[in-house]
Amino acid sequence: MKLSLIPLCVLAHSAVGCALNAVAVFKNDQGAHGVASFSQEKTHGPTTIHVEVWGLPEGNHGIHVHEYGDLTEGCNSTLAHYNPFNKTHGGPTDEERHVGDLGNIYSPGPDQSAVLDITADLISLHGKYSVVGRGMLIHSGEDDLGRGGSPLSNTTGNAGGRFLCAPIGWAAPKAN
Ligand SMILES: *[C@@H]1O[C@H](CO)[C@@H](O)[C@H](O)[C@H]1NC(C)=O
Ligand SMILES: *[C@@H]1O[C@H](CO)[C@@H](O)[C@H](O)[C@H]1NC(C)=O
Ligand SMILES: *[C@@H]1O[C@H](CO)[C@@H](O)[C@H](O)[C@H]1NC(C)=O
Ligand SMILES: [Cu+2]
Ligand SMILES: [Zn+2]
């Protein structure tokens, strides 16, 4: 009964509340691991994202939603940043940015948790631009938010290697 509500919510085009939840669970061969939780209360409202990760080297790490949740070639097969409106790469509040551009997550060190809480107005769990089934990525390096002036700034933020990735899947409704 509860599960049957999910497709109804996904297809809903009304402004009524239709809360959906999703999750990405990270784990890599270097022992890094963590979770990104997504929650969208209203069909056309913002999505809140809570990320908590262990094992990230100290510093800022680019974090994005990539096009695909496909890990057949590790993080590489998630391909590019999710960019359904053909924009240039940017920071999480820039007018000109990819839908998947979430900026950076700061890690105080590999033995501590790195936490990021964001309210993302372009990320949706509803409708045709839903990020469910796509890939969540955390990079080895810092995203320059398109301002770095390197040839990669306008596409990837020059954020370096792909350190952690996971497909975004549906999560159960939250108990109140
Ligand atoms: C992913 O791409 C990087 C950079 O091109 C490459 O070094 C690595 O071997 C690739 N990984 C896989 C699993 O294909
Ligand atoms: C996307 O934008 C670039 C310029 O920023 C343009 O060259 C390209 O043709 C556009 N692609 C589509 C599918 O609109
Ligand atoms: C990045 O894009 C901006 C505007 O879209 C442009 O002014 C700038 O020259 C580009 N930078 C590089 C390194 O291509
Ligand atoms: Cu990325
Ligand atoms: Zn981007």
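Let's start at ligand 3. The residues in its shell split into one nonpolar, four polar and no charged. Here Ala, Val, Leu, Ile, Met, Phe, Trp, Tyr, Cys and Pro count as nonpolar, Asp, Glu, Lys and Arg as charged, and the others, Gly among them, as polar. The shell itself is Thr-88, Gly-149, Pro-151, Ser-153 and Asn-154. A residue is near the ligand if its C-beta atom, placed from the backbone, lies within 6 Å of it.

Ground rules. This is a predicted model: local features need pLDDT of at least 70, side-chain atom pairs count only at pLDDT 80 or more, and totals for chains, interfaces and linings use all residues. Residues are numbered from 1 along each chain as its sequence is written, and chains are lettered from A and ligands numbered from 1 in the order in which they are written.

Now the fold. The protein chain has one helix and 10 strands. Helices (H or I, at least four residues) and strands (E, at least two) are DSSP runs, numbered from the N terminus.

Next, one sheet. Four strands make an open, antiparallel sheet, ordered E6-E4-E8-E9. Its edges are E6 (101–107) and E9 (162–167), each pairing on one side only. Pairing takes at least two DSSP bridges between two strands. E4 (residues 59–66) and E8 (residues 135–139) share four bridges. In one of them, Val-65 partners Met-136.

Those two residues turn up again in the core. The largest nonpolar core has 33 residues, and Val-65 and Met-136 are among those with the most contacts inside it. Such a core is a set of buried Ala, Val, Leu, Ile, Met, Phe, Trp, Tyr and Cys residues joined through C-beta atoms within 7 Å. Buried means 20 or more other C-beta atoms within 10 Å of a residue's own; exposed means 12 or fewer; partly exposed is in between. E1 gives this core its largest share, five residues.

Which residues does Ile-138 contact, leaving aside neighbours within four places in sequence? They are Phe-26, Val-53, His-61, Ile-63, Ile-105, Phe-163 and Leu-164. Contact means C-beta atoms, placed from the backbone, within 7 Å.

Last stop, Asn-28. This residue sits in the loop between E1 and E2. Why is Asn-28 called partly exposed? Because 17 other C-beta atoms lie within 10 Å. Asn-28 touches Phe-163 and Leu-164, not counting residues up to four places away in sequence. Cys-165 is 137 residues from Asn-28 in sequence, yet 8.1 Å away in space, C-alpha to C-alpha.

Terms used. Contact = placed C-beta atoms within 7 Å.
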